[in-house]
Amino acid sequence: MENKDITVKSKPSKPAAKRLTLRTRVFGSLENVELWHRGTDDGYIHLPRILPLVINIIDALTKGKPAGQTYLALWCRNYDEMIVDVTDEASLAYESGFYSERRVTTWQQRMQSLHDLGFVKAHKVGNRYQYVLMLHPIHAIKALYDEKKIQQEMYEIFEHRAYEVGALK
């Protein structure tokens with residue numbers, strides 16, 4: 001059964017073909033405009049499949065001042081070079097879920113937490129963040145686990161998913 005909803009440049013892989021067949025069987029024929037497709041739509045980024053667990057771990061480590069949404073907002077501005085040019089801290093603060101008058105200050109505090117935990121390196125110009133280097137989240141989490149900052153069960157769940165998706169070998 002062939003799915004004609006999405007134009008692909010090459011034959012889909014076996015797993016992709018299986019998912020397309022399943023999607024058609026369960027949801028019927030869909031128009032292209034109903035679905036987001038990274039091959040044809042702009043504004044798409046690649047995200048690690050382990051990102052939800054990374055965000056949960058960050059939030060667990062920054063209790064009361066969760067920084068996971070800040071990390072996600074950075075990933076959404078990231079390109080393959082792993083550097084984010086922070087052109088507008090206020091916009092990033094909004095994307096991170098901070099809406100009060102102190103949103104930029106709150107965002108900057110969360111950025112400091114991400115830096116302290118080893119998820120990012122940052123370069124400031126004056127008192128504002130200008131450039132952020134996104135560090136490898138698996139290495140950051142492994143280091144935090146080795147420092148006994150992450151509970152064993154949380155790390156084991158993370159590690160299992162990382163192996164499952166091929167992020168760890």
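Author: Two strands are said to pair if DSSP finds at least two bridges between them. The model discussed here is predicted.

Reader: What makes strand 2 and strand 3 a pair, and how many bridges join them?

Author: Six bridges join strand 2 to strand 3, residues 128-134. Since pairing asks for at least two bridges, strand 2 and strand 3 qualify, and they run antiparallel. Within this pair, Val125 stands opposite Arg128 of strand 3.

Reader: In what order do the three strands form the sheet?

Author: The order is 1-3-2, in an open sheet with antiparallel pairing. Strand 1 (83-85) and strand 2 (120-125) each have a single partner strand and therefore stand at the edges, with one side of each left without a neighbour in the sheet. From one strand to the next, the twist averages 25°.

Reader: Which strands does helix 3 touch where it packs on the sheet?

Author: Helix 3, residues 68-75, touches strand 1, strand 2 and strand 3. The direction of helix 3 makes about 80° with that of strand 3. Helix 5, residues 103-117, also packs on the sheet and touches strand 2 and strand 3, its direction making about 35° with that of strand 3.

Reader: How many helices and strands does the protein have?

Author: There are seven helices and three strands. Read from the N terminus, the elements follow the pattern α-α-α-β-α-α-β-β-α-α. The C-alpha trace spans about 55 × 35 × 30 Å along its principal axes.

Reader: How do you know that the span of helix 7 agrees with its number of residues?

Author: Helix 7 (residues 152-164) has 13 residues, which at 1.5 Å a residue should span 18 Å. The end C-alpha atoms of helix 7 are 18 Å apart, so the two values agree.

Reader: Which residues of helix 7 are buried?

Author: The buried residues of helix 7 are Tyr155, Phe158 and Ala162. They cover an arc of only 65° around the axis, and therefore lie on the same side of helix 7. An α-helix has 3.6 residues a turn, so residues three or four places apart point the same way. On the other side of helix 7, the residues Glu153, His160 and Glu164 are exposed. The buried residues of helix 7 pack against helix 2 (51-61) and helix 6 (137-146). After helix 7 comes Gly166, which has a positive phi near 85°.

Reader: Why is Tyr145 called partly exposed?

Author: The relative accessibility of Tyr145 is 23%. Buried requires under 20% and exposed requires over 50%, so Tyr145 falls in between and counts as partly exposed. Tyr145 belongs to helix 6. Apart from neighbours within four places in sequence, Tyr145 is in contact with Ile150, Gln151, Gln152 and Tyr155. Tyr145 and Tyr155 are 10 residues apart along the chain, and their C-alpha atoms are separated by 7.0 Å.

Reader: Why is Lys148 called exposed?

Author: Lys148 has a relative accessible area of 73%, and the cut-off for exposed is over 50%, so the term applies. Lys148 lies in the loop between helix 6 and helix 7. Its phi is near 65°, a positive value in a residue other than glycine.

Reader: Is Met82 to be called exposed or partly exposed?

Author: Met82 has a relative accessible area of 23%, which is why it is called partly exposed. The place of Met82 is the loop between helix 3 and strand 1. Although Met82 is not a glycine, its phi is positive, at about 65°.

Reader: Which residues have the most contacts inside the largest nonpolar core?

Author: They are Val54, Tyr71, Leu74, Leu114 and Phe119, in a core of 33 residues. Helix 2 gives the most to this core, with five residues. Nonpolar side chains in soluble globular proteins tend to be buried together. Beyond its neighbours within four places in sequence, Val54 is in contact with Tyr71, Phe119, Pro137, Ile141 and Phe158.

Reader: What percentage of the 169 residues of the protein count as buried?

Author: The share is 30% of the 169 residues.

Key: Residues numbered from 1 in each chain as written. Predicted model: local features only at pLDDT ≥ 70, side-chain atom pairs only at ≥ 80, totals over all residues. Heavy atoms only, no water. Helix = DSSP H or I, 4+ residues; strand = E, 2+ residues; numbered from the N terminus. Expected span 1.5 Å × (residues − 1). Buried < 20%, exposed > 50% of the residue type's maximum accessible area, 1.4 Å probe, protein only. Arc of directions from axis to C-beta. Contact = heavy atoms within 4.5 Å. Axes fitted to C-alpha atoms, helices over the stretch in contact; angles between N-to-C directions. Core = buried A, V, L, I, M, F, W, Y, C linked by side-chain atoms within 4.5 Å.
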